[in-house]
Amino acid sequence: MFQVNDNYLKLPGSYLFSTIGKKVQAYSQANPDKTIIRLGIGDVTQPLVPAIIKAMHEAVEDMAHKETFHGYAPDLGYDFLRNAIANQDYKARGCQIEADEIFISDGAKCDCGNIQEIFAESSRIAVCDPVYPVYVDSNVMAGRTGEYDSASGTWSRVIYMPCTAENGFVPELPKETPDLIYLCIPNNPTGTTLTKEQLKVWVDYANRVGAVILYDAAYEAYISEKEVPHSIFEIEGARTCAIEFRSFSKNAGFTGVRLGFTVIPKDLKSGQVMVHSLWARRHGTKFNGAPYITQKAAMAVYSEEGKAQVQEQVAYYMRNARVIYDSLKDSGYEVYGGVNAPYIWLKTPKGMTSWDFFDYLLEKANVVGTPGSGFGPSGEGYFRLTAFGTYENTAAAIERIRGL
């Protein structure tokens with residue numbers, strides 16, 4: 001009789017956002033006259049900007065002619081895109097990242113979940129708490145997390161780094177020594193960032209103990225404060241201890257197009273083994289390359305026209321964030337985030353649990369958010385709202401909440 005990977009049986013019944021979706025669907029079916037405003041899942045709502053659409057049309061036309069048709073893309077990505085990323089995202093900021101250290105993929109979520117495959121099964125992981133659930137869930141699937149304690153909501157072999165109001169939602173160096181350290185900066189869900197000085201502490205620590213920092217920079221386009229680095233590779237020493245994940249989903253609206261990339265410097269080694277080589281081998285074996293049309297669309301992000309248009313779109317979402325933050329704060333809520341990230345992190349009122357507040361908002365205001373407990377034990381008693389809705393829906397949702 002065949003057997004399944006029973007590590008999957010250790011996971012919660014469904015992914016956080018699947019649970020939210022089922023709850024909302026059930027409520028909608030029972031209350032078809034209600035208009036629900038969704039500020040829960042971080043999906044964008046604005047259309048792709050004109051420069052990107054133009055590039056996609058041109059790429060589609062290329063596919064219609066023998067001379068310009070493209071089949072399988074190179075495993076690691078087309079040189080035209082990798083060079084643009086290296087020059088504009090990294091070298092322009094003083095980071096010595098070369099094009100052949102960049103791996104194009106179909107999204108940062110996949111890479112964040114798959115990167116653990118190239119590390120030993122015995123690796124200890126450290127995660128911020130609260131944080132994006134994919135980091136822990138993907139390691140549970142690999143059998144790396146030990147046993148689950150339902151009372152505390154923790155895994156026995158995972159090192160949790162509490163990020164609370166008391167420490168400004170900034171993680172502290174763990175007391176136990178990890179092998180892999182997940183940092184999501186700007187943080188999802190709290191919106192917290194680290195200054196260069198704060199991030200240097202982590203880089204020095206990782207180099208000192210021999211750990212790898214898995215740095216998720218999916219929201220770097222939303223950074224507004226000058227002292228906050230856009231890449232971990234702006235920090236001296238990061239080339240020997242860090243891997244960075246980037247996405248086109250939130251800066252360019254590619255949630256429905258799918259494209260991202262991972263940066264692995266060749267200086268990152270375990271003994272004499274380059275981690276770069278392992279990921280290249282894994283990438284080549286399990287991935288057939290991101291589509292030509294998608295990569296050409298991403299190239300438009302680096303044109304002068306494209307940069308101006310996507311920056312305008314980022315500003316649109318950050319205006320939503322300011323509306324949410326200011327309005328809730330004026331209404332007496334304890335709120336965080338919304339400055340360098342498109343997320344608002346708020347304390348649930350009157351001692352409500354995260355899921356109690358979810359149900360309360362859904363039923364009383366017909367507004368959907370995300371329970372903080374879904375991001376980790378320290379998320380209990382908090383709630384996340386996203387700024388990715390339309391401005392009109394965002395303003396309407398906040399008025400409904402204020403009306404409560």
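Analyst: Seven strands make up an open sheet, in the order E2-E10-E9-E8-E7-E3-E6, and their pairing is mixed. At the edges you'll find strand E2 (102–105) and E6; each has a single partner strand, so one side of each is left without a neighbour in the sheet. Going from one strand to the next, the twist averages 20°. Keep in mind that this is a predicted model.

Now zoom in on one pair. Strand E3, which covers residues 125–129, pairs with E7 in the parallel sense, over three bridges. As background, strands of a sheet pair through backbone hydrogen bonds, either parallel or antiparallel.

Next, a helix that packs on the sheet: H3, residues 79–90. Helix H3 touches E2, strand E9 (242–247) and strand E10 (260–263), and its direction makes about 120° with that of E2.

Let's check out the loop between strand E6 (158–162) and strand E7 (180–184), where Glu176 lies. Is Glu176 buried, exposed or partly exposed? Its relative accessible area is 44%, so Glu176 counts as partly exposed. Leaving out residues up to four places away in sequence, Glu176 touches Arg124, Ile159 and Tyr205. With Arg124 there is also a polar contact of 3.4 Å between the two side chains. Tyr160 is 16 residues from Glu176 along the chain, and their C-alpha atoms are separated by 9.8 Å.

For a contrast, look at Asn139, which has its place in helix H5 (residues 134–141). Asn139 has 0% relative accessibility, so it counts as buried. Leaving out residues up to four places away in sequence again, Asn139 touches Gln116, Ile125, Arg144, Thr145 and Tyr182.

Finally, zoom out to the whole chain. Its secondary structure comes to 12 helices and 17 strands. Of the 404 residues, 53% count as buried. A compact globule with 404 residues would have a radius of gyration near 22 Å, and the chain has 21 Å, so the two agree. Along its principal axes, the C-alpha trace spans about 60 × 55 × 50 Å. Among contacts with a separation of 6 or more, 73% are between residues 24 or more positions apart.

Methods:
Residues numbered from 1 in each chain as written. Predicted model: local features only at pLDDT ≥ 70, side-chain atom pairs only at ≥ 80, totals over all residues. Heavy atoms only, no water. Helix = DSSP H or I, 4+ residues; strand = E, 2+ residues; numbered from the N terminus. Buried < 20%, exposed > 50% of the residue type's maximum accessible area, 1.4 Å probe, protein only. Contact = heavy atoms within 4.5 Å. Polar contact = N/O pair within 3.5 Å; in protein donor to acceptor, adjacent residues only side chain to side chain. Pairing = 2+ DSSP bridges. Axes fitted to C-alpha atoms, helices over the stretch in contact; angles between N-to-C directions. Rg over C-alpha atoms; globule rule 2.2 N^0.38 Å.
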